[in-house]
Amino acid sequence: MKLEPISRAGRPARRQVLMDEEDAAALIKDGDVIIVGGFGTVNHPMPIIRALVRRKVKNLTVIGAATAGLEIDLLIGAGCVRKIIAPYIGAELHAPIGHCFRRAAENGDVEVYETTEYLLYSQLEAAARGMGFMPWRGGVGTSIPNLNPDYVPFNDPIHGEPYLAVPALHADWAILHVAQADVFGNGQHGGARFGDRLLSRAAERVMLTAERIVPNSEIRKNPWATSVAYADSVVEAPYGAHPFASHGFYVEDEDAISEYVAASVAYRKGEVATWNGYLEKRVTGFENHRAYLAALRGDHLARVCNAVHA
Amino acid sequence: MAVALARDIVDGERIISGAHTEISFAAAMLAQKMHAPNIKLQLGGTCFLVNVSDLPVRLPKTSTDYRMLRWAEVAFDHMETFLYFGAPGGRAYYEGGGRPPTNKYFVGDKFFAGGIQVDREGNTNMIGLKGEGAQRFRFRGPGSIGIPDIVTVATPYIFVTHHDRRSLVPRVDYVSMHGPNGWSLYKYPGRGPKWIITPRAIFTFDAKGHAQLSGTFAGTSVQWVRENTGFSFELDPEFSEITEPTGEELDVLRREIDGDGVLRSARSS
């Protein structure tokens, strides 16, 4: 047996994944299955969402968070989505039902994969564990397995109780927003993490937007706080969840959310010019996230930041 | 509605309050401040186990508000709800109350479920209204969220924010959550929904699993309820008008919980 001696000479550099949002968004292709992290009105990776709209990506299958918000509604309204997998799309009191989602579902413009929070989590857990399916009790006997033939009723072979067999879900990318990350793809949240850790483990690849980029030593100060290790792409994105909240940094920008909701109501009513005007003004009319931020008034951002401490 | 729900909460219970349910957030926090400082309270997917009995609070507009984390005594990841909700507190915490006295697995006592339609048998629909022919939805609802999941471990109260014939119907178009009859047919634990509560009235369920009118809020007659409910119902033998909120209840609710008037603005929207 001949084993070559090893040497430090020619050692490759450790893989670094910091990139700008256009290069990151270009990794997502027409027809991909993407998972979008965050929850409700919190922690959505908006620079990537807006870049996907700018790039006119088509036919995405979008897996939303257990409580998906208006970030998915925007992708639907912008025509990027073929199929939507989420147990809820809306923003509570701001918009009980996402208006673009509602119109697209009623017109049959998107395929709706009927599900619940834990049917979805079970499917993602099956994917993360490399299993074909998981059992779950929620939804047994409801309309959900009738509307979604992926969910197969069966009886527990040990106790005979009724269950649903839920298949693993494939996803090409999970895209999440975190508080801080290093150049090697280690990300840490700044508050509630919701379902993000599971979302990241269920996908083939993970992309992070981060409020700030920190040295690797900062990550190692508290490795228990690392929710995602070795992501495939990291984008520096201060205010990267705007107009939504970023736990630990700023709360919802309610004025900006109201502006979105008003535009999405116009979309639902078929007022295309109003909706397109909104997209141009707030989504597509910018070269990048930096330009998007520059167009927001400074006092606006100061107000949502200070509210965290109010 | 918040006051009525708070009055039905018993000290020591495990209360789970989900998203878009500012009424149930207010009810649970009111109970914790008034008479039930030992309820184990989960607020949305953000805060697992909150005790606000002696804390100043502001009723949030969303269940994900970062500021709520200041009241949390423990926080878990959302997808771990079913693993960890029962963990802290110890076995003695749970003894009595008809639920398994264990902290080994996720068990709740009460949960609050909304519905775009609710029918006489207490089935609720969050999915949508059926369309004609190839159109699946005439009206697309928000989705079933986690309601079909949480009800595998807790007893729901059904709430609707508008009392009319569009919300209270003879038969739901789609079932997101079963009423008492479907509940026993599909072997869910417990007996299923306890109330249907509206801004005007409270229904309970009789032995046949049918909604019966048990109470009306001040200013609403039985006749009004009959005219504005899409299903027929009997009167509960114990029917009565619900005692109006007391000065103390309203004072705590308005001054210590909902100083920003979230409940009032939600009602008018």
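Predicted model: local features only at pLDDT ≥ 70, side-chain atom pairs only at ≥ 80, totals over all residues.
# Notebook: B:F203, its chain and its partner chain

I looked up the contacts of B:F203 and found that, leaving aside residues up to four places away in sequence, B:F203 touches B:W195, B:I196, B:A211, B:Q212, B:L213, B:S214 and B:F233.

Residues are numbered from 1 along each chain as its sequence is written, and chains are lettered from A and ligands numbered from 1 in the order in which they are written.

**Entry on B:F203.** I placed B:F203 in strand 13 (residues 201-205) of chain B. Helices (H or I, at least four residues) and strands (E, at least two) are DSSP runs, numbered from the N terminus. Is B:F203 buried or exposed? B:F203 is buried, because 26 other C-beta atoms lie within 10 Å. The cut-offs are 20 or more other C-beta atoms within 10 Å of its own for a buried residue, 12 or fewer for an exposed one, and partly exposed in between. I also checked B:Y66, which is 137 residues from B:F203 along the chain; their C-alpha atoms are separated by 35 Å.

**Entry on chain B.** I counted 8 helices and 15 strands in chain B. Of its 269 residues, 48% count as buried. Among contacts between residues at least 6 apart in sequence, 61% join residues at least 24 apart.

**Entry on strand 5 of chain B.** I found that 5 of the 5 residues of strand 5 (residues 110-114) are buried. In a regular strand the side chains alternate between the two faces of the sheet. Here both faces are covered, with B:K110, B:F112 and B:G114 on one side and B:F111 and B:A113 on the other. Strands pair if DSSP finds at least two bridges between them. Strand 1 (residues 14-17) of chain B runs parallel to strand 5 of chain B and is joined to it by 2 bridges; B:I16 stands opposite B:F111. Strand 10 (residues 155-159) of chain B pairs with strand 5 of chain B in the parallel sense over 5 bridges, and there the bridge partner of B:F111 is B:P156.

**Entry on chain A.** I examined helix 2 (residues 46-54) and helix 3 (residues 70-77) of chain A, whose axes come within 10 Å and cross at roughly 10°. Helix 2 of chain A is therefore roughly parallel to helix 3 of chain A, a term for angles under 35 degrees. The axes are lines fitted to C-alpha atoms over the stretch in contact, and angles run from 0 to 180 degrees between N-to-C directions. A:M46, A:I49, A:L52 and A:V53 in helix 2 meet A:E71, A:L74 and A:L75 in helix 3.

I also looked up an open sheet of 3 strands in chain A, with the order 5-7-6 and antiparallel pairing. Its edge strands are strand 5 (133-136) and strand 6 (152-155) of chain A, each pairing on one side only. Strand 5 of chain A pairs with strand 7 (residues 162-167) of chain A over 4 bridges, and A:P135 stands opposite A:A165.

**Entry on the two chains together.** How many residues of chain B are in contact with chain A? I recorded 42 residues of chain B in contact with 46 residues of chain A. Strand 9 (137-140), helix 4 (147-150) and helix 5 (180-185) of chain B each supply at least two residues of that side of chain B. Strand 9 of chain B gives the most, with 4 residues.

Notes. Contact = placed C-beta atoms within 7 Å. Parallel < 35°, antiparallel > 145°, perpendicular 65-115°, else oblique.
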